[in-house]
Amino acid sequence: MGDKQQIPVRDNLWRITPNGPRLIGSKCSACGELYFPKKDNGVCSYCQSRRLEEAVFSKRGKVYSCTCVMQRPPVYYKGEVPYAIGFVELPEGIRIETLFTDCDIEDLHVGMSVEMVISKLHEDEAGNEVIAYMFRPTKA
């Protein structure tokens, strides 16, 4: 039996840097619009410019919205239930949809400081860890 691997839930969502994992997206150099995930077609949806460049986002932000999901969604989500999901606003001004981890769902609130981590989402059929970016409360 081979070694189990860590497999990203989707390629090109984050990069590991000397300062830890960072989300990667796109920025329009014409109008400044930000995108996550990185745009594959190279066209800004706002101004239609083709001058998109890679953007590396901050790993810390604030909870913009959050909710607790008590029932397993059909097919695509194979993680544990209940789970917390919502949006985090990063200092660059973009809001990222995310799962929340390492917190009591009851304690999660709008305005809470959070940081990005890479964490196990679930195991695939071969026993490999499927990993994803998530946000957790920062330690005070």
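Analyst: A contact here means heavy atoms within 4.5 Å. With that cut-off, among contacts in the chain between residues at least 6 apart in sequence, 49% join residues at least 24 apart. This is a predicted model, in which local features need pLDDT of at least 70 and side-chain atom pairs count only at pLDDT 80 or more, while totals for chains, interfaces and linings use all residues. Residues are numbered from 1 along each chain as its sequence is written, and side-chain values use heavy atoms, with hydrogens and water left out.

The part to look at is strand β6, residues 60-69, in a chain with 0 helices and 10 strands, where helices (H or I, at least four residues) and strands (E, at least two) are DSSP runs numbered from the N terminus. Two strands are said to pair if DSSP finds at least two bridges between them. On that basis β6 runs antiparallel to strand β7 (residues 83-89), to which 7 bridges join it, and C66 has G86 of β7 as its bridge partner.

Of the 140 residues in the chain, 39% are buried, that is, under 20% relative accessible area with a 1.4 Å probe, counting protein chains only.

Technical notes. Buried < 20%, exposed > 50% of the residue type's maximum accessible area, 1.4 Å probe, protein only.
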